[in-house]
Amino acid sequence: MNDPRFAIQTNNLTRRFGDLIAVDQLTLSVPRGVIFGFLGPNGAGKSTTINMVIGLLPPTAGTAAVAGFDVRTASLEVKRRIGVVPEGLNLYERLTATEQIELVGRLHGLPVTEIKHRIPALLELLELADAQDKMILDYSQGMRKKTAIACALIHAPEVLFLDEPFESIDPISTRAIKAVLRDMVAQRGTTIFFSTHVMELAERFCDQVGIINKGKLAGSGSIPDLRQRAGLPEDAPLEDVFLRTVGAETEDEGLLGWLTGKA
Ligand SMILES: Nc1ncnc2c1ncn2[C@@H]1O[C@H](COP(=O)(O)OP(=O)(O)OP(=O)(O)O)[C@@H](O)[C@H]1O
Ligand SMILES: [Mg+2]
């Protein structure tokens, strides 16, 4: 099943937390060189899926592979090839951005001269240069996220996993980061797997999307394919496709009349 033509493959990937099935028999294939948006409501299982695929969380059942390497039996091969911005960021508060990025570069075995060459370009891209000598402890949320993005990019990975990458990042930096990510895909064949709730971002940025709801894959493919499968017209926005696919087109039951003023 581990076909190296695919950047990411999962087969019946499942994770339970006690009685809760957070990810339920998820089978998904992401080809190389695409931007794949992983969409789903809060608690749908997006982060749990990412954490299993990157080898941070053991699955209860099923398998996951990156670039043809099984994450359980060849986790080092997987880790070598991936860059990750996890939901919790995992930064060392008492390091500066430069030190944190350098640490990640060293863990990936990059020569120090190469790391020192790459860091200023990343700091410039992410507009972190002014803050590079401050401890992460003193960073804003957006600056932390940017530091995590720099750590994910320092070794120019084959496959990038970004959990809500643009949350708390300002529009100027978002645009610059998106342009670099697009170049990585177009020029180097990088694969980008990212989760988001922002439909406009997914609509404009992704080649393919997967929609997960209550741990189950509700649909995956190109946006026009999903639109057609949902029985929606060609000009229907992704938000409608998403709501139809997860079955969340609920009626207003008037329970919030005390708040909204509606009867
Ligand atoms: N460590 C854990 N222990 C117990 N339950 C967990 C744990 N991690 C996640 N869950 C549960 O698993 C389900 C899926 O969580 P997950 O974090 O994957 O959702 P998500 O799609 O990333 O949501 P969000 O959009 O809010 O980030 C949720 O019901 C959550 O409460
Ligand atoms: Mg999440």
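A: Start with Gln132. Gln132 is partly exposed, because 15 other C-beta atoms lie within 10 Å. The cut-offs are these: buried means 20 or more other C-beta atoms within 10 Å of the residue's own, exposed means 12 or fewer, partly exposed is in between, and C-beta atoms are placed from the backbone. This is a predicted model, where local features need pLDDT of at least 70 and side-chain atom pairs count only at pLDDT 80 or more, while totals for chains, interfaces and linings use all residues. Residues are numbered from 1 along each chain as its sequence is written, and chains are lettered from A and ligands numbered from 1 in the order in which they are written.

Q: Where does Gln132 sit, and which residues does Gln132 touch?

A: Gln132 is in the loop between α4 (112-125) and α5 (141-153). Helices (H or I, at least four residues) and strands (E, at least two) are DSSP runs, numbered from the N terminus. Contact means C-beta atoms, placed from the backbone, within 7 Å. Leaving out residues up to four places away in sequence, Gln132 touches Thr96, Ala97, Thr98 and Leu123. For scale, take Asn12: from Gln132 to Asn12 is 120 residues in sequence and 43 Å in space, C-alpha to C-alpha.

Q: What should I check in the backbone of Asn12?

A: Check phi. Most residues other than glycine have a negative phi. Asn12 has a positive value, near 50°. Asn12 is in strand β1. Asn12 counts as exposed because it has 12 other C-beta atoms within 10 Å. Asn90 also deserves a look: its phi is positive, near 55°. Asn90 lies in the loop between β6 (82-85) and α3 (97-107). With 12 other C-beta atoms within 10 Å, Asn90 is exposed.

Q: How many strands form the open sheet, and in what order?

A: Look for pairs: two strands pair if DSSP finds at least two bridges between them. Here 4 strands form an open sheet with antiparallel pairing, in the order β2-β1-β4-β5. The edges are β2 and β5 (69-70); each has a single partner strand, so one side of each lacks a neighbour in the sheet. α1 packs on this sheet and touches β1 (6-17), β2 and β4; the direction of α1 makes about 115° with that of β1. Axes are lines fitted to C-alpha atoms, for helices over the stretch in contact, and angles run from 0 to 180 degrees between N-to-C directions. β4 (residues 61-66) pairs with β5 over 2 bridges, in the antiparallel sense. Val66 has Phe69 as its bridge partner in β5.

Q: Which strands pair with β3?

A: β9 (residues 208-213) runs parallel to β3 (residues 35-39), joined by 4 bridges. β8 also pairs with β3 in the parallel sense, over 5 bridges. Follow Phe38: its bridge partner in β9 is Gly210, and Phe38 stands opposite Ser195 in β8. Asp163 stands opposite Ser195 too. β7 and β8 run parallel, joined by 5 bridges.

Q: Is β8 covered or open on its two faces?

A: In a regular strand the side chains alternate between the two faces of the sheet. In β8 (residues 191-196), 6 of 6 residues are buried. One side holds Thr191, Phe193 and Ser195; the other holds Ile192, Phe194 and Thr196. Both faces are covered.

Q: What does the β9 and β10 hairpin look like?

A: The hairpin has 2 residues between its strands, and Lys214 in the turn has a positive phi of about 50°. β10 (residues 216-221) is antiparallel to β9, with 5 bridges joining them. Ile212 has Leu217 as its bridge partner in β10.

Q: How many residues of α5 are buried, and what do they pack against?

A: 10 of its 13 residues are buried, so α5 is largely enclosed by the rest of the structure. Among them are Met143, Ile149 and Leu153. The buried residues pack against β6, α3, α4, β7 (159-163) and α6 (171-188).

Technical notes: Two residues are in contact if their C-beta atoms, placed from the backbone, lie within 7 Å.
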